[in-house]
Amino acid sequence: MTSSQGALAHGTRMSRRRSRIASILAPGLAFLLVPGSSGGGADAARMDADGHLHTDHAEFHFTRAVYTGIRWRNWAIDYPKADRQLMTGVRRLLTHLDACGEVNPVRLDDPDLGRYPFVYAVEVGHMAMSEAEVEGLRRFLKAGGFLMVDDFWGTWEWANFDSEIHRVLPGAAIVDLPPDHPLFTSFYDIREFPQVPNVGNAQGGHTWEKDGYTPFYRGILDDKGRLIVAINHNTDLGDAWEWAEVPEYPLKYSTFAYQMAVNAIVYSMSH
């Protein structure tokens with residue numbers, strides 16, 4: 001293959017990828033996914049602990065919780081591709097939001113956690129937080145932060161997460177979110193709540209893992225009724241972000257996962 005043929009093939013692949021992501025975000029939004037378009041302004045940049053470049057001064061960072069787990073680096077499942085790919089779409093859709101497009105992993109015991117209003121935690125069924133992490137997450141939530149948890153499955157992992165989150169918020173009630181909760185209408189009007197499978201299961205024809213046959217979209221509210229913890233159990237939004245551009249991954253799951261993320265971001269920034 002000549003260099004010009006290689007460039008053409010790469011351009012074709014990128015065009016198909018942009019078209020698929022555009023169809024996920026919403027019909028008629030393909031014009032948002034053009035080379036060089038972006039949301040947010042230019043900010044000073046720095047390297048994070050993993051050597052990735054990101055900006056300090058954007059209004060919004062998609063912040064991934066770094067926590068102590070039962071297994072090494074549970075927090076990093078689907079990272080960094082899922083985070084980057086999600087924010088590629090978010091920045092081009094929410095053009096009014098000054099959003100950083102790079103990854104932003106932050107430890108739960110980091111004093112700077114409170115700089116970021118939105119934190120995403122994955123594989124929380126394997127959490128084993130230190131006391132410092134428990135205190136850090138409690139401080140974050142009490143100060144008005146928003147936590148979204150994802151990709152944990154079945155009875156055992158639920159029990160472990162339930163125990164860990166109640167170390168943070170003793171006595172807090174976990175409730176099923178009704179279909180008309182503002183989380184589901186803050187940007188997209190979400191009416192159906194499917195179980196989102198990992199990429200392997202999506203191609204294999206089933207959606208569940210372990211004994212997690214039914215998806216639950218639950219939450220914890222503060223004393224004013226504001227949702228502070230959004231709980232996605234028996235479902236895997238992160239895999240749908242990570243593999244959204246792959247034709248073999250069903251579009252209906254990626255569409256729902258992107259819409260849930262956009263709604264959560266808008267909700268966290270406006271409530």
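Begin by selecting Trp75 and Tyr79, and colour them so that they stand out from the rest of this predicted model: Trp75 is buried, and Tyr79 is buried as well. With the two side chains shown, look at how the rings face one another, because a pair of aromatic rings is described by the distance of the centres and the angle of the planes. The ring centres of Trp75 and Tyr79 are 5.3 Å apart and the planes meet at 55°, so this pair counts as tilted. By the rule used here, which requires centres within 6.5 Å, the count comes to 18 aromatic pairs.

Next, select Phe193 and Tyr217, another aromatic pair that is tilted, with 6.1 Å from centre to centre and 45° between the planes. Phe193 belongs to the loop between β7 (175-176) and α5 (199-204), whereas Tyr217 belongs to strand β8 (residues 216-221), so the pair ties together parts that are 24 residues apart in sequence. Are these two residues buried or exposed? Phe193 is partly exposed, with a relative accessible area of 23%, while Tyr217, at 8% relative accessibility, counts as buried.

Select Trp72 and Arg73, where the charged end of Arg73 sits over the ring of Trp72 at 5.3 Å from its centre; then select Trp158 and Arg218, where Arg218 lies over the face of Trp158, 4.8 Å from the ring centre.

Select Lys142, Leu169, Asp222, Asp223 and Ile228, which, among the 13 residues that line the second largest pocket, lie nearest its centre. This second largest pocket has a volume of about 170 Å³, and the elements that give two or more residues to its lining are α3 (131-142) and β8. What kinds of residue make up the lining of the second largest pocket? The lining divides into eight nonpolar residues, one polar residue and four charged residues.

Of the 271 residues of the protein chain, 53% count as buried, and among contacts between residues at least 6 apart in sequence, 72% join residues at least 24 apart.

Note on methods
Residues are numbered from 1 along each chain as its sequence is written. This is a predicted model: local features need pLDDT of at least 70, side-chain atom pairs count only at pLDDT 80 or more; totals for chains, interfaces and linings use all residues. Side-chain values use heavy atoms; hydrogens and water are left out. Rings of Phe, Tyr and Trp (its six-membered ring) pair if their centres lie within 6.5 Å; planes under 30 degrees apart count as stacked, over 60 as edge-to-face and the rest as tilted. Buried means under 20% relative accessible area, exposed over 50%, partly exposed in between (1.4 Å probe, protein chains only). Helices (H or I, at least four residues) and strands (E, at least two) are DSSP runs, numbered from the N terminus. A charge sits over a ring if NZ of Lys or CZ of Arg is within 6 Å of the ring centre and within 35 degrees of the ring normal. On a 1 Å grid over the protein atoms alone, a cavity is a set of points where a 1.4 Å probe fits but cannot get out, and a pocket is an open set with protein on both sides within 12 Å along at least five of seven lines; lining residues have an atom within 4 Å of a point. Grid points are joined across faces, edges and corners, and a volume is the space filled by probe spheres set on the points. Ala, Val, Leu, Ile, Met, Phe, Trp, Tyr, Cys and Pro count as nonpolar, Asp, Glu, Lys and Arg as charged, and the others, Gly among them, as polar. Contact means heavy atoms within 4.5 Å.
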